[in-house]
Amino acid sequence: SFFLTALGSVFDFHNMAYADSLIHLLLQKDITEIFHVHDIESPFLRSVVDDEVTFGSGQNQFLSSIYKENHGEIVQEPNKIASLALFHMKHQANLILQHPRLSSLIIENKIALQGLLSQISKRKSIQFDLTMAFQKL
């Protein structure tokens, strides 16, 4: 297994050096699945939902913009942090699938895009197919 991490799980696919490194990793290590992971008790995500500026980073601003864009739907959910995480995962999957080089690599190599929501304190998690968000019923 190989893991990439970023503050708030915000990955910068517009940065060509980062995208090139990811492409190299996917090709060299024969990766079959990409997991986007969020913990629903994340202090970072909680700060976004609670509108606290405790982190003040670009990642915090990015997640805040997703929260504001989807505020109406997020506030209706019992777990606002989990809802924000889901919107963020869908957004990141969309960036991957629209990236000129990453999307073709994902499709050609049949690399699955998976989401994983965890609640570490309760030792629970749920896994789901992120591409389902883009399929029509």
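Visitor: Is Leu97 buried, partly exposed or exposed, and why?

Guide: Buried means under 20% relative accessible area and exposed means over 50%, with partly exposed in between. In this predicted model, Leu97 has a relative accessible area of 28%, so the residue counts as partly exposed. Leu97 lies in helix α5.

Visitor: How far is Leu97 from Glu33 in sequence and in space?

Guide: The two residues are 64 residues apart in sequence, and their C-alpha atoms are 14 Å apart in space.

Visitor: What does helix α5 pack on?

Guide: Start with the sheet itself. Three strands make up an open sheet, ordered β1-β2-β3, with mixed pairing. Strands β1 (33–39) and β3 (124–129) are the edges, each pairing on one side only. From one strand to the next, the twist averages 20 degrees. Helix α5, residues 80–98, packs on this sheet and touches β1, β2 and β3. The direction of helix α5 makes about 160 degrees with that of β2.

Visitor: How many bridges join β2 to β3?

Guide: Strand β2 covers residues 112–119, and six bridges join it to β3. These two strands run antiparallel. As one example of facing residues, Ser118 stands opposite Ser125 in β3.

Visitor: Which salt bridge does a search of the whole structure find?

Guide: Side chains of opposite charge can pair when their charged atoms come close. Here the search finds one salt bridge. The side chains of Asp20 and Arg101 meet in it, at 2.4 Å from N to O. This pair links distant parts of the chain, 81 residues apart: Asp20 belongs to helix α1 (residues 16–28), while Arg101 is in the loop between α5 and α6 (102–108).

Visitor: Where is Asp39, and what is the nearest side chain of opposite charge?

Guide: Asp39 has its place in strand β1. Asp39 is buried and has no salt bridge. The nearest side chain of opposite charge is that of Arg46, 8.6 Å away. A salt bridge needs the side-chain nitrogen within 4 Å of a carboxyl oxygen.

Visitor: Which backbone nitrogen does the side chain of Asp39 reach at 2.9 Å?

Guide: That of Ile120. The backbone nitrogen of Gln119 lies 3.5 Å from a polar atom of the Asp39 side chain. Leaving aside residues up to four places away in sequence, Asp39 touches Leu45, Ile81, Ser118, Gln119 and Ile120.

Note on methods:
Residues are numbered from 1 along each chain as its sequence is written. This is a predicted model: local features need pLDDT of at least 70, side-chain atom pairs count only at pLDDT 80 or more; totals for chains, interfaces and linings use all residues. Side-chain values use heavy atoms; hydrogens and water are left out. Two strands pair if DSSP finds at least two bridges between them. Helices (H or I, at least four residues) and strands (E, at least two) are DSSP runs, numbered from the N terminus. Axes are lines fitted to C-alpha atoms, for helices over the stretch in contact, and angles run from 0 to 180 degrees between N-to-C directions. Contact means heavy atoms within 4.5 Å. Buried means under 20% relative accessible area, exposed over 50%, partly exposed in between (1.4 Å probe, protein chains only). Lys and Arg count as positive and Asp and Glu as negative; His and the chain ends are not counted. A polar contact is a pair of N or O atoms within 3.5 Å; within protein, one must be able to donate a hydrogen and the other to accept it, and residues adjacent in sequence count only if both atoms are side-chain atoms.
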